[in-house]
Amino acid sequence: MTSRRSTAPSLAPATLASPPADPAAPPLLTGWRRLWTRPALMVYVRLLVLVVAANIAVAAVALPGTTTPERLGLTLTAAALNLGLAALIRQQHVVNFLFRAATSAPLSWPLRVRAALGKVYHLGGVHVGAAISATAWFAVFAATALSPGGRSGLSGATLGVIAALALLLAMIAALAVAPLRRGRHDVFEMSHRFGGWLTLILFAVLTVGFARDLAPEDPGHAILTSPATWVLLVVVVSVALPWARLRRVAVDVHTPSSHVALVRLHHSPRTFVGSSTTISRHPLGQWHPFANLVTPTRPELRLAISRAGDWTGSFIDSPPRHVWVRGVPTAGAGNVGKLFRKVVWVTTGSGIGPCLPSLLAGAPAHLVWATRTPEATFGPELVAEITTSLPDALVWDTHAQGKPDLVALALDAVAATGAEAVICISNRPTTFEVVEALESRGIPAYGAIWDS
């Protein structure tokens with residue numbers, strides 16, 4: 001079907017809200033309990049440190065006293081195991097399984113337990129910790145292999161593959177450092193994808209070459225009995241699965257303003273509240289996940305795309321007729337809302353997109369949405385859909401009312417509604433500010449952590 005681009009006229013705000021009363025906010029936590037709420041010590045970082053620390057402990061115990069062949073085998077196996085863990089923890093089916101397991105806790109469980117389970121989306125810290133550890137283990141392997149004692153038993157071709165793989169892993173790790181990842185996300189994405197594929201190819205070549213060099217009399221047996229072989233096989237299958245579900249899908253694109261596009265996909269996968277779909281304009285180009293706007297009254301798959309960079313800007317200005325979809329709908333931070341009896345959703349601008357599935361599905365929730373001229377920006381139909389489902393929603397028009405104090409609004413909403421948790425969908429500084437402010441008062445709070 002042909003993609004359409006239309007512009008809605010400017011309309012009055014859907015709902016205007018008065019500034020909240022100053023609530024009696026819960027007291028601030030003290031000591032270690034408050035320290036743990038700092039973004040620098042969030043669960044994601046703690047998991048990263050735990051994985052790296054576990055690998056350091058293994059190295060401290062296992063490496064001393066080993067011979068060169070033993071060290072080569074140990075470090076290659078450890079590098080492969082960590083590489084496998086890094087890949088699996090990001091695999092869509094594994095992510096969905098972990099979310100299902102974490103969010104299946106009954107509401108009768110203590111709030112503290114459910115709040116901890118809600119941090120399941122911080123498991124990306126395991127990915128980073130394992131990737132760092134894999135790179136470190138392989139660096140030790142490469143240093144050992146290229147040393148005088150290691151070179152004597154390895155062919156020139158194997159040594160060349162080892163050197164190339166070490167340089168490749170170092171490059172991928174360098175481009176994944178947070179400032180570079182955020183500043184040049186397209187470069188980071190391409191290096192991770194194509195560099196990751198090349199890493200698997202080189203690992204496969206290395207596994208065969210290493211077995212031939214160390215066991216020339218029976219390399220096949222050496223390959224089949226090497227843990228690295230089976231870890232590599234698991235990783236290859238894990239990486240290939242999403243691409244096996246690659247498809248080109250027709251879309252309708254409606255642009256109520258130059259800031260946002262509402263996309264309807266002619267594609268009906270099994271979606272669920274709190275999931276996202278990854279799309280691209282070209283299979284080998286940039287891929288971006290967007291929350292699925294799933295509602296009982298509108299079963300089609302919809303996405304909200306806001307202007308947040310070159311890719312999204314081009315999508316809004318020149319809507320495509322088709323997009324590419326890869327893999328399966330995948331759970332995200334918004335999926336943890338089912339762990340709580342009632343949730344306050346705090347969002348700004350087009351952050352409303354990830355909130356809509358839960359809000360429109362009838363889950364017990366309250367909305368605090370700060371955005372500029374909501375109807376003119378997002379269209380009267382979408383705003384009416386929200387306010388009809390949530391007549392008590394607080395829609396704050398920043399053009400008419402100015403910039404709100406989102407922390408105060410969230411605290412007021414929690415006090416007024418008795419909600420057990422807050423989910424914030426906004427930009428990075430605002431999300432971190434709101435989440436930390438609420439957690440420092442003992443209120444479970446969640447929001448994106450920008451780890452990809």
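Which residues touch the most other members of the largest nonpolar core? Here are a few notes on that and on some other features, with the reminder that this is a predicted model.

1. The largest nonpolar core holds 41 residues, and those that touch the most other members are V336, W345, I352, L359, L367, W369 and Y446. Two or more residues each come from α4 (92-103), β2, β8 (343-348), α14 (352-360), β9 (365-371), α16 (380-389) and β11 (421-425). Helix α14 gives the largest share, with 5 residues.

2. Setting aside neighbours within four places in sequence, L367 is in contact with W345, T347, I352, L359, I386, L390, A393 and L394. Another core lies apart from the largest one; this other core has 30 residues, including W137, A142, L159 and L232.

3. Strand β2 (residues 260-265) deserves a look of its own. Of its 6 residues, 5 are buried, so the strand is largely enclosed by the rest of the structure. The cut-off behind that reading is a relative accessible area under 20%.

4. What stands on either side of β2? With strand β1 (residues 247-257), β2 runs antiparallel, joined by 5 bridges, and the two form a hairpin with 2 residues between them. With strand β5 (residues 301-306), β2 also pairs in the antiparallel sense, over 6 bridges.

5. Now to the helices. How do α3 (residues 68-88) and α6 (residues 124-146) cross? Their axes come within 8 Å and cross at roughly 160 degrees. The two helices are therefore roughly antiparallel to each other, as angles over 145 degrees count that way. Their crossing is left-handed.

6. From α3, the list includes T68, R71, L72, T75, L76, A79, N82, L83 and A86. From α6, the residues they meet include V126, H127, A130, A134, W137, F138, F141 and A145. W137 is also among the residues of the 30-residue core.

7. One backbone detail is worth checking by eye. Most residues other than glycine have a negative phi. T373, however, has a positive phi, near 35 degrees. T373 sits in the loop between β9 and α15 (374-378).

Definitions and conventions. Residues are numbered from 1 along each chain as its sequence is written. This is a predicted model: local features need pLDDT of at least 70, side-chain atom pairs count only at pLDDT 80 or more; totals for chains, interfaces and linings use all residues. Side-chain values use heavy atoms; hydrogens and water are left out. Buried means under 20% relative accessible area, exposed over 50%, partly exposed in between (1.4 Å probe, protein chains only). Helices (H or I, at least four residues) and strands (E, at least two) are DSSP runs, numbered from the N terminus. Two strands pair if DSSP finds at least two bridges between them. A nonpolar core is a set of buried Ala, Val, Leu, Ile, Met, Phe, Trp, Tyr and Cys residues joined through side-chain atoms within 4.5 Å. Contact means heavy atoms within 4.5 Å. Axes are lines fitted to C-alpha atoms, for helices over the stretch in contact, and angles run from 0 to 180 degrees between N-to-C directions. Angles under 35 degrees count as roughly parallel, over 145 as roughly antiparallel, 65 to 115 as roughly perpendicular and the rest as oblique. A crossing is left-handed if the near helix is turned anticlockwise from the far one by less than a right angle, and right-handed if clockwise.
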